[in-house]
Amino acid sequence: MGLMARAEVVERRALHREPFAYCAHPHLAVAPDGTWLLVFNRVPRRTVILHPPQDPDYSNVLMRSTDEGRSWSAPSVVPDYGWAGVECAGLTALRSGRILLNQWRFEWLPLAVADARGRTDVDRPDKLMAGLAASPELDVFVPGSALEAPERAFPWARGGGDTVIHISDDGGASFSATAHIDTAPLSGGYGMRGAVELPDGDILLPLSDVPHYRRVFVVRSTDDGMSWSAPLLVAQAPGQEFEEPAPLLLASGRVLMLLRDNGSRILHAVWSDDGGRSWTPPRPTGIAAYPAHLVALPDGRIACIAGQRRPPFGIVAHLSHDGGESWEAEPVALVDDLPTKDLGYPTAALRRNGDLHVIYYAQDKAGITGIHAVTIRLP
């Protein structure tokens, strides 16, 4: 990587941090009335950093802003306190004003309960901890005692789960209905960037096959999220592990989607020219940052905002002038001084004055992981 260009930073600040909580993985959506909605994960801090696939206490929380991210409401659990053990969530703001919250919730059991019930179809602590220790995503120190006796440190078991859409007709203040998505024959559906609403009103929601995180598919709703189609496979390939799709409806009507690939660590792109009914084969973009959030800029360019988990740790923007067919060789650095690779999942929205407001998670100098923001002007 050569010398990165730098964006003009208008403002940079922490949005939300809690000394005894781990807050991460934000997603931002803008409602038709201009209200900004931000969802992210929150869990009690533990000695070892655990991400949602390993910890049953994760909840999704929502904050609201009526001044384009300059101030925010207090975080509130969504849809309510009965929904814990979830993956990262996605938000979709429909033209009607309806807000959709998509979640994947694992089945979690106390280990003693799983044993008493003779459950052999669950992932036990040894498997969950082995996956954590092998993960390249975090510089995690796992104490030897936890590896030798993981059931003492993490006495729970993880089963399958459920893909759901929670529906709000009051701007995200409450969620009054829940639709369940049948993802069979795929194992489940996890997505953290929401859906796109097509010009004909159809809603196209991309998901990946939790807990395997290797295949990406889409489901469709023709009734504002109340019911959903069977899954349509978008991307799978030997040796590649596609997940965390980021969709964008282009001005032409074409749908672009970037996919994280845990095999190559390079973002891949797919396109649909028929409203998501068929897709091109995945094509590598050359972008080594992940996962993505896509923003259409007023000048016609597309910005792919992503987390850079190699030095210098930070948040970058990759720019395309041709609908994602190609990307500028060097990214634009938005933030380049983060202390660890425990960062990212940036999400962004344009302010009325043209500034790009980017929200991400990161550790601060005190070691507290929270939600941060940078407002920038791209070159």
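View 1. Proline 211 lies in the loop between β12 (203–208) and β13 (216–221). The model shown here, as in every view, is predicted. A cis peptide bond joins proline 211 to valine 210. Its omega is about 5 degrees. Proline 185 sits elsewhere, in the loop between β10 (177–181) and β11 (196–197). The peptide bond leading from alanine 184 into proline 185 is also cis. Here omega is near 10 degrees.

**View 2. Positive phi at aspartate 224.** Aspartate 224 belongs to the loop between β13 and β14 (232–235). Its phi is near 60 degrees, a positive value in a residue other than glycine. Is aspartate 224 buried or partly exposed? Its relative accessibility is 30%, so aspartate 224 counts as partly exposed.

**View 3. Positive phi at tyrosine 345.** Tyrosine 345 is not a glycine, yet its phi is positive, about 50 degrees. This residue is part of strand β23. Tyrosine 345 has a relative accessible area of 6%, so it is buried. Among the residues that isoleucine 359 touches is Tyr345.

**View 4. The largest nonpolar core.** This core holds 36 residues. Which of them touch the most other members? They are Leu38, Trp72, Tyr190, Ile359 and Ile371. Eight elements are listed below.

- β3 (21–30) and β4 (36–44)
- β5 (59–65) and β8 (99–110)
- α2 (125–134)
- β23 (343–350), β24 (356–363) and β25 (369–377)

Strand β3 gives the largest share of this core, five residues.

**View 5. Around isoleucine 359.** Ile359 is one of the residues that touch the most other members of the largest core.

View 6. Strand β7 (residues 90–93) pairs with β8 in the antiparallel sense. Four bridges make up the pairing. Glycine 90 stands opposite asparagine 102 in β8. Five residues lie between β7 and β8 in this hairpin. In the turn, glycine 97 has a positive phi of about 100 degrees.

View 7. Is glutamine 103 buried or exposed? Its relative accessibility is 2%, so glutamine 103 counts as buried. The side chain of glutamine 103 makes a polar contact of 2.7 Å with the side chain of asparagine 60. Another polar contact, again of 2.7 Å, joins it to the side chain of histidine 166. Neighbours within four places in sequence are set aside in what follows. The contacts of glutamine 103 then include Val78, Pro79, Trp83, Val86 and Ala89. Asp162, Thr163 and Val164 are also among them.

**View 8. Salt bridges between pairs of side chains.** The structure holds 26 salt bridges. Three pairs are shown in this view.

- Glutamate 11 and arginine 13 meet at 3.5 Å, N to O. Glutamate 11 is partly exposed, at 33% relative accessibility. Arginine 13 is partly exposed too, at 25%.
- Arginine 119 and glutamate 107 have their closest N and O atoms 2.9 Å apart. The pair links distant parts of the chain, 12 residues apart. Arginine 119 is in the loop between α1 (111–116) and α2, while glutamate 107 is in strand β8. Arginine 119 is partly exposed, with a relative accessible area of 22%. Glutamate 107 is partly exposed, at 29%.
- Arginine 124 and aspartate 115 meet at 2.6 Å, N to O. Arginine 124 is partly exposed, at 33%. Aspartate 115 is partly exposed, at 44% relative accessibility.

**View 9. A network of salt bridges.** Which residues are linked in a network of salt bridges? Two arginines, Arg254 and Arg283, take part. Asp273 and Glu325 are linked with them.

Conventions. Residues are numbered from 1 along each chain as its sequence is written. This is a predicted model: local features need pLDDT of at least 70, side-chain atom pairs count only at pLDDT 80 or more; totals for chains, interfaces and linings use all residues. Side-chain values use heavy atoms; hydrogens and water are left out. A nonpolar core is a set of buried Ala, Val, Leu, Ile, Met, Phe, Trp, Tyr and Cys residues joined through side-chain atoms within 4.5 Å. Buried means under 20% relative accessible area, exposed over 50%, partly exposed in between (1.4 Å probe, protein chains only). Helices (H or I, at least four residues) and strands (E, at least two) are DSSP runs, numbered from the N terminus. Contact means heavy atoms within 4.5 Å. Two strands pair if DSSP finds at least two bridges between them. A polar contact is a pair of N or O atoms within 3.5 Å; within protein, one must be able to donate a hydrogen and the other to accept it, and residues adjacent in sequence count only if both atoms are side-chain atoms. A salt bridge is a side-chain nitrogen of Lys or Arg within 4 Å of a carboxyl oxygen of Asp or Glu.
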